[in-house]
Amino acid sequence: MTVAPTDLALLAAPIARKRGVRDYVRRHPTIVIGAALLTLMALMAIFAPYLGTVDPQALSPIRRLRWPSAQYWFGTDMLGRDVYSRTIYGARVSLTVGISVALLASGFGLLIGLVTGFSRWTDAIVMRIMDGLMSIPAVLIAIALMALTRASLENVIFAITVADVPRVTRLVRGVVLTLRELPFVEAAFASGTGFFRILWRHILPNTLPPLLVQGTFVAASAMIVEAILSFLGAGTPPNIPSWGNIMAEGRSLFQVAYYIVLIPGAFLSITVLAINLLGDGLRDALDPRLARRM
Amino acid sequence: MFAYIVRRTLATIPVMAVVALFVFSLLYLSPGDPAVIIAGDTATLDDIARIREKLGLDQPAYIQFGSWVWRLLHGDLGISIFTNLPVAKLIGQRVEPTVALAISTLCVSILAAIPMGVLAAWKAGSWIDRVVMVFAVLGFSVPVFVLAYLLIYVFAISADLLPVQGFVSIRNGFLPFLSHIAMPSLALGMIFSALIARMTRASMLDVLAQDYIRTAQAKGLAEGKVLIGHALKNAAVPIVTIIGIGVAGLISGVVVTETVFAIPGLGRLTVDAILRRDYPIIQGIILVFSAAYVLINLLVDLSYTFLDPRIRY
């Protein structure tokens, strides 16, 4: 998920490599800020047990609804659980969902997109199905799937992936249809290169940059959808502290203890912002023609 | 043009057919016996048998689908498991707050976003442009319910200016309606206006680089006339398109916003249905929302013929 700045420099342009790190930061500030914030969140999630946290599920009825203080940095909730620990552990859920959905949706989307891009009759059928799926708002698809399965993290990831695959498929198919008509692909076909070799050497590599950009946006929206599902009571099971769950639990007490809702909300917003910045920056770096416009 | 309108309208039929098929087959795609899951953990065997019969799960799938579609075409969305009332009636009762919220959100977002996008493109590279772009990125990143609670904190708890939650119909007075709908529309409108502002800016930048804009400026036309009359008019197609596509996000946001602000609309109905696993209601709501989305995008596509008479299909 987090791409080291040096790798990005390789992707962006050879010139960037020559000019050094400082120039790279100046040219692509959003990538650097986004990657830095995201790395911070990832480290926080990985090292959650060592960051002064206690068991995020530990109940303590006498310490209910304590305001943020030196002892309870983010206060405690109505069951006396430490909101700081819950928030830090919550990063694990959000990042897991974001990364898993981005990888799964990109994988399936790439596969279906490549097939539909080359086979006219599958294209006709599959794209009609994708058109239909895309006219159902993503959150509703996920809600419908979650309403029928038992709440678990795997099911949340599956439900959000189903909702995101059509968009990725459409993108890959579009890229393939464009590439197919380009002279270098035609030349490869004309000179007798095998179909799978063309797919592997010429088509696939060219779908990756837009897929990488799309993947970041899928990850960002997956995190928001997970939080929405959990917030509505159709997402991650309540025994796993996720940012959406913490907010859902704080909902009824918002007027007396708004920190329970606002703190995980801020963490969610910052993480999504980091991914969006990274995605915007990557798009600018990978497609200079678009950079000017968006 | 007439042929285009007919063809585009007919094209919505396969899309809605796929939506219907998806909604119907959800029951079968899910692992396990849907009747058992809908019945919940405390259900007896009798309860499960009753639900199975009510959903028609004791018949072959193609017969179920056929009779389901037949009833659908007659406006029958099935019967709610929990309340035993027709789903169509339950949805009908909840439409008004949702439509009111959606329309006021659309108005707020479009009125805020298009001037922002036009200004940003006109003064590209200036501080105005930067502010608009920062707003656009933030708007995409702050989830609607986080923003909603932030607004509640600022305007309802700290300042005590607006009611925390609830909904008042416009028939009971415009001011009470406005004071209740203001915060939900702002919260929901943020992401939508970020989307529109971004697209307006991008589309305007393209158009402003065209020769006819330079001609208009060279012949001494007032800057405002160039921007609105020449540039915005020609930049309209992508903007209208993104508004249509953005309605999907708006619908997702409605469900959340209604929950935060306790608005008794379709979103609340959805959430209640999830908690009770009242599947016919969830199916009905998905169908209604998707039909609304398809219809709006049909109108968007049809509007192209007026916005850009060159478009002929």
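Predicted model: local features only at pLDDT ≥ 70, side-chain atom pairs only at ≥ 80, totals over all residues.
**View 1. The whole complex, with the predictor's own scores.** For chain B, the average pLDDT is 87, and 97% of the residues score at least 70.

**View 2. Chain A on its own, a chain of helices.** If you look for strands here, the count is zero, against 13 helices in chain A. Following the sequence of chain A therefore takes you through one α element after another, since the pattern is α-α-α-α-α-α-α-α-α-α-α-α-α. Along the principal axes, the C-alpha trace of chain A spans about 80 × 50 × 30 Å. Chain A has 294 residues, and 47% of them are buried. Take the contacts in chain A between residues at least 6 apart in sequence: 68% of these join residues at least 24 apart.

**View 3. Chain B on its own.** Chain B comes to 13 helices and zero strands. Its C-alpha atoms fill a box of roughly 80 × 55 × 40 Å along the principal axes. Of the 313 residues in chain B, 41% count as buried. Among chain B contacts between residues at least 6 apart in sequence, 72% join residues at least 24 apart.

**View 4. Where chain A touches chain B.** How many residues of each chain are in contact here? On the chain A side there are 39, and they contact 44 residues of chain B. Four helices of chain A, namely α6 (120–134), α7 (138–148), α10 (195–232) and α12 (259–286), each supply at least two residues to the side that touches chain B. Helix α12(A) gives the most, with ten residues. By class, the residues of the chain A side divide into 27 nonpolar, eight polar and four charged.

**View 5. Helices α7 and α9 of chain B, crossing obliquely.** Here helix α7 of chain B (residues 127–141) meets helix α9 of chain B (residues 174–208), with axes that come within 8 Å and cross at roughly 140°. That angle makes α7(B) oblique to α9(B), because only angles over 145 degrees would count as roughly antiparallel. The crossing of α7(B) and α9(B) is left-handed. From α7(B), the contact is made by B:Val132, B:Phe135, B:Ala136, B:Gly139 and B:Phe140. The partners on α9(B) are B:Met190, B:Ile191, B:Ser193, B:Ala194, B:Ala197, B:Arg198 and B:Arg201. Sorted by class, the residues of this contact come to eight nonpolar, two polar and two charged.

**View 6. Helices α8 and α11 of chain B, side by side in direction.** Helix α8 of chain B (residues 144–158) packs with helix α11 of chain B (residues 223–260) at an angle of about 30°, and their axes are 9 Å apart. Why does α8(B) count as roughly parallel to α11(B)? The label follows because angles under 35 degrees are counted that way, and so α8(B) is roughly parallel to α11(B). The crossing of α8(B) past α11(B) is right-handed. B:Val144, B:Phe145, B:Ala148 and B:Tyr149 of α8(B) meet B:Gly253, B:Val256, B:Thr257 and B:Val260 of α11(B). This contact has six nonpolar and two polar residues, with no charged ones.

**View 7. Helix α10 of chain B and the glycine after it.** Is helix α10 of chain B (residues 211–218) hardly covered or well covered? Hardly covered: among the eight residues of α10(B), the number buried is zero. After α10(B) comes B:Gly220, with a positive phi near 85°.

View 8. Look for B:Asp308 in the segment after α13 of chain B (279–307). B:Asp308 is partly exposed, with 14 other C-beta atoms within 10 Å. In space, the C-alpha atoms of B:Asp308 and B:Asn234 are 7.6 Å apart, although 74 residues separate the pair in sequence.

How values were computed. Residues numbered from 1 in each chain as written. Chains lettered and ligands numbered in written order. Axes fitted to C-alpha atoms, helices over the stretch in contact; angles between N-to-C directions. Parallel < 35°, antiparallel > 145°, perpendicular 65-115°, else oblique. Left-handed = near helix turned anticlockwise from the far one by under 90°. Contact = placed C-beta atoms within 7 Å. Nonpolar A, V, L, I, M, F, W, Y, C, P; charged D, E, K, R; others polar. Buried ≥ 20, exposed ≤ 12 C-beta atoms within 10 Å, placed from the backbone. pLDDT = per-residue confidence, 0-100.
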